[in-house]
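Dear colleague,

Please find the structure below, handed over for your records. My notes on it follow directly after.

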Amino acid sequence: ERYKLTVTDMNAVISAPNPAGVFHGIQTLRQMLDAGGKKAASIPAVVIEDAPRYPWRGISFDCARHFVSKDMVKRYIDLLAYHKMNVFHWHFTDDQGWRIEITKYPKLTGEGAFRDEFGRRHGGFYTQDDIREVVAYAKSRYIMVVPEIEMPGHATAAFAGYPEFSCTGERLTPKPEWGVFSNLFCAGKEETFAFLEDVIREVASLFPSQYIHIGGDEAAKDKWKACPLCQKRIKDEGLKDEAALQGYFTRRMDTFIRSIGRTMIGWDEILEGKPDPTAV
């Protein structure tokens, strides 16, 4: 991704070993023009040799709490490119909303993408065509899009449409407030894992990224402690407690994600489950 920008009184030349480097050199040229104000007619004579210190230069974008339009997402990607960022970490699901269309489970967005926020209706979601458009837009700017689908916690919005994958079977509504909630995907039901694998399979078909983010953070386990199926899973698998059950959950998802040729990535809590060394 390195480049060299040479500006003389005759011309400006960008050279690089590949197109990504040329693209980053163009951003530096734009920044030099912008630094001169709107009426800039000249730029200084310089020689700039630039290369990234880190190969992963990412920004996390959370549309689960507050939905934003596709055009705003693309504008955000433009700003990442301008500052030579190369990873767009797109956080789609949480207690406050489910923002990505999954064709096999239409109620994820039909019920989980909207909430009552203090007397107002807030929400929205991205169709799979929207996703493909944004991914292509980012690729043209040398930015990789990494999707995040939260599990086992931060799952309230999923239970608005599919409460059967929770421990209680209670139909919930997306939360208007922030916090840590104990609405986890039920780790005692095989149907839960089949559902999540279906979701990840569709997500993988939309994103060429090697990495698929599963979250894994802030999983309050009150419901698991009270769930007979989760307790049976702990006993059958010879697990110590609910924390070990999350490790079991994480390893199962890790195994599946590797089986489809991708790499699992998560927040630091996934380390408690001793995932495969390839996980990030």
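Is Cys227 buried or exposed? Cys227 is buried, with a relative accessible area of 4%, where buried means under 20% relative accessible area, exposed over 50% and partly exposed in between (1.4 Å probe, protein chains only).

Please note that this is a predicted model, in which local features need pLDDT of at least 70, side-chain atom pairs count only at pLDDT 80 or more, and totals for chains, interfaces and linings use all residues. Residues are numbered from 1 along each chain as its sequence is written, and side-chain values use heavy atoms, with hydrogens and water left out.

Cysteines. With a disulfide defined as a pair of cysteine sulfur atoms within 2.5 Å, the count is zero. Cys227 is accordingly in no disulfide, and the nearest cysteine sulfur, that of Cys230, lies 3.8 Å away. Cys63 is buried as well, at 0% relative accessibility.

Helix H4. Helices (H or I, at least four residues) and strands (E, at least two) are DSSP runs, numbered from the N terminus. H4 covers residues 128-139, 12 residues in total, and reaches 16 Å from its first C-alpha to its last. That is close to the expected 16 Å at 1.5 Å a residue, the expected span being 1.5 Å times one less than the number of residues. Its buried residues include Ile131, Val134, Val135 and Tyr137; among the elements covering the buried residues of H4 are helix H2 (70-82) and strand E10 (144-151).

Thr263. This residue is found in strand E12 (residues 263-265) and is buried, at 13% relative accessible area. Beyond its neighbours within four places in sequence, Thr263 is in contact (heavy atoms within 4.5 Å) with residues including Tyr211, Ile257 and Val280.

With kind regards
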